[in-house]
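I opened a new structure today and kept notes as I went. Here is the model I was looking at.

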Amino acid sequence: MQLVRQNEKPVIKPHRTACAVLVALLIGAAASGCADGGDEGAAGQGEPAAGQPGAAAAQAGPAAAAAAAETRAEAELLNRQQAARVAVAKRWGLSEVPLTAPAPPAEKPHIATREGFEVEGGEDLPPVFTTVPTKERIVFLTMDDGAEKDPELLRMMSELNIPYSAFLSDYEVSDDYGYFKEMQAHGVTLNNHTLTHPYLPGLSEEDQRREICGSQDRIEKRLGKRPTLFRPPYGNYNGDTLRVAKSCGIEAVPLWAAEAFPDRMEWREWDRDLHPGDIILTHFRGPDDWDGSMADMIRNVMRTVTGKGYAVARLEDYV
């Protein structure tokens, strides 16, 4: 800047002052721009600064990779489990893997006596029914008496993970309680089917008490747990039957909607079909009584049940 003396006092010319200010502003702006550009360049070459776009994604990288690996591991486990189930089903002669039942309800459904199955004055007596009220595509498998003690049945049901319930008559099981203890150890509930399998309506109330409550006592003593479910032989009962059953701890009387054999199914309902919640009856029988083994009977049941899109659930989870 050039100074011009005037009365010995320095004076800056106005137009040069404006130029100086402009230059200073331009230099400051350029410096600011360089600083900003340098930060952006550094960020572009490294990690985003915290709080800047992309920072969360960069930090989530390891967590996302771990989650993806866990998902792949779960998928591989499910694939292996399904392959194992297919192999087990094939080994037991099933072309389709049994369907898995949904989780049981948190609260059991209310069950009432089926219409036409009532007894006089039976409002407060254990309900008699053939189907459990549910909308799920499930059915329940039950086995009566206990005459045939086939170890193949225990292996088959355990390996296929098919739930079932047993209704025992003591005269058939007393020669081998151990077989039914092993069944119980696999999660099977052992229920009451009387001591000697009589036609109950033909007995006096006291004789029915001996049969029903005597069976309660015998199962509790020999097998460790007092039943709450009872099935009368042949599905026949009267008011005395239900009153006696209630008096010694019975809470419900499940009958059946279908019956299974090695070579066929027999149906109670007019449409000859399964329905949600139906109870299927079969027996502990073998080649001496049937044209086939208990394993043959299970194969027939599961072909029918699975083929119709149903799973077998555990009766005691609903009753």
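The entries below follow the order in which I looked things up.

**Entry 1: ground rules.** I am reading a predicted model, where local features need pLDDT of at least 70, side-chain atom pairs count only at pLDDT 80 or more, and totals for chains, interfaces and linings use all residues. Residues are numbered from 1 along each chain as its sequence is written, and side-chain values use heavy atoms, with hydrogens and water left out.

**Entry 2: confidence.** I checked pLDDT, the predictor's confidence in each residue, from 0 to 100. The protein chain has a mean pLDDT of 86. In 81% of its residues the value is 70 or more. Residues 1-51 have a pLDDT below 50. In the model this stretch makes 16 contacts beyond near neighbours in sequence; a contact means heavy atoms within 4.5 Å. Where pLDDT is low, the predicted coordinates should not be read in detail.

**Entry 3: overall make-up.** I counted eight helices and 11 strands in the protein chain. Helices (H or I, at least four residues) and strands (E, at least two) are DSSP runs, numbered from the N terminus. The protein chain has 319 residues, and 40% of them count as buried. Buried means under 20% relative accessible area, exposed over 50%, and partly exposed in between (1.4 Å probe, protein chains only). I also looked at contacts in the protein chain with a separation of 6 or more: 69% of them join residues 24 or more positions apart.

**Entry 4: helix 8.** I turned to helix 8, residues 294-307. Its 14 residues reach 20 Å from first C-alpha to last, close to the expected 20 Å. The expected span is 1.5 Å times one less than the number of residues. Is helix 8 enclosed by the rest of the structure, or open? Helix 8 is largely enclosed, because 11 of its 14 residues are buried. Among them are M294, M297, R299, N300 and T304. I looked for what covers these buried residues, and found strand 4 (138-145), helix 3 (151-160) and strand 10 (279-283), among others.

I then checked the ends. S293 caps the N-terminal end of helix 8, with a side-chain oxygen 3.3 Å from the backbone nitrogen of A295. Just after helix 8, G309 has a positive phi of about 80°.

**Entry 5: the cores.** I searched for nonpolar cores, meaning sets of buried Ala, Val, Leu, Ile, Met, Phe, Trp, Tyr and Cys residues joined through side-chain atoms within 4.5 Å. The largest has 44 residues. Those with the most contacts inside it include L141, M143, F180 and I298. Which element gives the largest share of this core? Helix 8 does, with seven residues. Apart from this core lies another, of 30 residues, including V119 and F140. In soluble globular proteins, nonpolar side chains tend to be buried together.

Leaving out residues up to four places away in sequence, M143 touches L153, Y164, F167, T282 and M297, among others.

**Entry 6: T282.** T282 counts as buried because its relative accessibility is 0%. A polar atom of its side chain lies 3.0 Å from the backbone oxygen of A260. Beyond residues up to four places away in sequence, T282 also touches D144, W290 and M297, among others.

Entry 7: D145 is not a glycine, yet its phi is positive, about 85°. D145 sits in strand 4 and is buried, at 2% relative accessible area. Y234 is another non-glycine residue with a positive phi, near 65°. Y234 belongs to the loop between helix 6 (205-223) and helix 7 (239-247). Y234 is exposed, with 52% relative accessible area.

**Entry 8: the disulfide.** How many disulfides does a search of the whole structure find? The search finds one, taking a disulfide as a pair of cysteine sulfur atoms within 2.5 Å. C213 and C248 form it, with their sulfur atoms 2.3 Å apart. The link is left-handed, at -85° about the S-S bond. C213 lies in helix 6 and C248 in the loop between helix 7 and strand 7 (253-254), so the pair ties together parts 35 residues apart in sequence. Both cysteines, C213 and C248, are buried.

Methods:
A polar contact is a pair of N or O atoms within 3.5 Å; within protein, one must be able to donate a hydrogen and the other to accept it, and residues adjacent in sequence count only if both atoms are side-chain atoms.
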